[in-house]
Amino acid sequence: MIALLMSTKMIRPKRWLAAVITTLLTASTACADVKVPNIFGDHMVLQQGQKNKVWGQAAAGEAITVSIDKQTQKTTAEADGTWSVWLDPLAVGGPYELTIKGNNEIKITDILVGEVWICSGQSNMQWSVKQSNDPDLEKLTAKFPKIRMINFPQTGSQEVIWSHDKSTWKVCTPENVEGFSAVGYFFARQLYQTLDVPIGMINNAWGGSACEAWIRRDLLNANEKYKLLMDRWVDDEAKLPPLIDSLTAKIDSLSKGAELNAEQKKELERLTEERKGMIGKLNGNSRPANIYNGVLKSHLGYGIKGAIWYQGETNAERAYQYRDLFPLMIKSWRDEWKQGDFPFYWVQLADYKDETPQPAESSWAELREAQTMTMSRLKNTGQAVIIDIGEGKDIHPKNKVDVARRLARWALARDYGISIPYRSPQIQSVEFKGNKMILTFNGLDGGWRPFDVKEPRGFSIAGEKTDFVWATAKILPDNTIEVSSESITAPIAVRYAWADNPDANMFNGAGLPLTPFRTDTRPGKTINNHK
């Protein structure tokens with residue numbers, strides 16, 4: 001409660017006392033009724049083939065009965081009012097009705113059982129069907145009542161938010177689909193059309209979010225690697241509240257005056273915007289643990305098959321740090337979800353920004369490298385490479401269908417036993433032959449298919465004391481690739497698609513692009529960026 005008082009006072013200096021009194025007056029009656037968080041609601045989808053947790057709040061000691069289909073589970077609320085039960089696995093299909101009885105009764109209807117996935121990350125996962133390619137055509141065909149999605153609000157908090165009651169499950173219809181995450185929807189549609197089972201998508205993406213906002217604060221504090229990052233936030237958290245109070249006093253004083261002249265109105269607008277920015281920073285999507293507490297925690301533990309993730313743009317200038325930060329996030333989710341190493345598939349950053357005439361260092365290339373490294377650090381993970389799908393002028397490419405299909409390939413092949421190509425080719429080994437390098441790759445389903453022109457593009461090489469230069473590349477009969485340059489007599493390293501927006505054209509026969517890579521370990525441009 002102390003934390004609530006402090007945060008409320010900080011953000012709404014004039015209204016905090018009334019808000020707290022209202023909370024205290026209503027708490028006793030609210031706790032007397034059994035209730036569940038909003039993830040449990042009409043049209044929800046439960047994960048097939050496993051037990052599923054249902055949890056809620058009630059009065060201490062209240063007897064709780066949860067019934068669905070032919071099973072009934074009973075428990076008693078703990079001293080703090082929390083309770084939970086586990087439902088036995090249910091047959092695929094539905095609709096089912098879930099009844100929860102305590103001092104009152106809750107009925108949840110039109111429940112389906114199938115496959116449930118989290119779709120998470122920042123704006124490119126949040127990006128809606130309406131904002132993507134051909135929304136009019138997509139809307140006409142979105143008649144899939146067995147596909148459902150719930151969109152969570154963007155709420156940042158250092159205190160756990162238990163439920164978001166205005167967010168509800170939506171059935172996929174032409175009227176609803178425009179508000180669905182495009183990547184989430186197209187992923188779900190591919191799974192549904194392939195597996196013929198209900199699909200539920202939990203969309204909690206937040207545009208512009210930083211990876212650290214999705215991670216518990218104690219985990220970040222416990223690792224020296226994040227000390228500078230956390231120290232910066234501790235400093236901001238100490239400085240901003242009094243500045244907000246000072247700005248609020250100035251705004252109140254100016255607002256209470258007589259009719260404002262043009263200069264005073266301009267000053268009032270400036271002060272208001274400045275305060276808004278400070279409050280936004282504390283309540284926003286970059287503060288460590290803000291999204292974990294404000295969004296994720298409300299449904300963490302709900303039965304799922306796995307997660308798809310599209311994020312990294314915000315962390316690109318701290319790409320070396322992301323090598324550890326991203327795996328920490330995945331591991332922390334898995335640890336707390338208590339479903340083992342559930343599948344976690346992400347989208348590698350697309351091509352973006354201006355093309356460069358010569359090889360150069362790149363923060364986005366370093367972030368892509370960090371994402372690729374995560375596959376070797378954590379099992380049951382995978383990466384959809386989309387180095388061909390981005391738009392140099394727009395950080396939000398509108399082609400979300402192909403993004404979703406590449407994610408769906410991972411899920412269908414790895415989790416549903418369907419024999420299809422799913423993994424982009426990756427560099428496997430390098431052999432040096434004089435002034436040439438011979439590169440071997442895995443993942444060559446159907447061999448090579450260079451796009452647009454026959455010659456491979458996007459390779460650069462360097463000698464021991466030289467900068468990288470563009471290389472001539474040639475596909476050999478055994479599908480190895482030979483790279484060389486007349487200006488490099490003794491090459492020691494090769495890179496491919498190493499740029500923000502590379503000109504690279506290598507695909508395997510299944511149409512999956514070659515994963516960007518480098519074989520050198522030269523310090524990158526983000527190596528010293530920690531906060």
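Reader: What volume does the second largest pocket have?
Author: This is a predicted model, where local features need pLDDT of at least 70 and side-chain atom pairs count only at pLDDT 80 or more, while totals for chains, interfaces and linings use all residues. Residues are numbered from 1 along each chain as its sequence is written, and side-chain values use heavy atoms, leaving out hydrogens and water. A pocket is an open set of points on a 1 Å grid over the protein atoms alone, with protein on both sides within 12 Å along at least five of seven lines. Taking volume as the space filled by probe spheres set on the points, which are joined across faces, edges and corners, the second largest pocket comes to about 420 Å³.

Reader: Which element gives the largest share of the lining of that second largest pocket?
Author: Lining residues have an atom within 4 Å of a point, and among those closest to the centre of this pocket are Lys-53 and Trp-55. Helices (H or I, at least four residues) and strands (E, at least two) are DSSP runs numbered from the N terminus. β2 (52-57), β4 (71-76), β5 (82-87) and α10 (319-337) each supply at least two lining residues. The largest share, 4 residues, comes from β5.

Reader: What volume does the largest cavity have?
Author: A cavity is a set of points where a 1.4 Å probe fits but cannot get out, and the count comes to 2 cavities of 30 Å³ or more. The largest cavity is lined by 13 residues, with Gly-458, Ser-460, Trp-470, Ala-497 and Trp-498 nearest its centre. Its volume is about 80 Å³.

Reader: How many charged residues are in the lining of the second largest cavity?
Author: This cavity has a volume of about 50 Å³, and its lining includes Asn-124, Tyr-310, Glu-313 and Asp-351. Ala, Val, Leu, Ile, Met, Phe, Trp, Tyr, Cys and Pro count as nonpolar, Asp, Glu, Lys and Arg as charged, and the others, Gly among them, as polar. The lining divides into 6 nonpolar and 2 polar residues, with the charged ones numbering 4.

Reader: Is α7 roughly parallel or roughly antiparallel to α8?
Author: Axes are lines fitted to C-alpha atoms, for helices over the stretch in contact, and angles run from 0 to 180 degrees between N-to-C directions. Helix α7 (residues 227-255) and helix α8 (residues 262-283) pack at an angle of about 150°, with axes 9 Å apart. Under 35 degrees counts as roughly parallel, over 145 as roughly antiparallel, 65 to 115 as roughly perpendicular and the rest as oblique. The angle therefore makes α7, relative to α8, roughly antiparallel.
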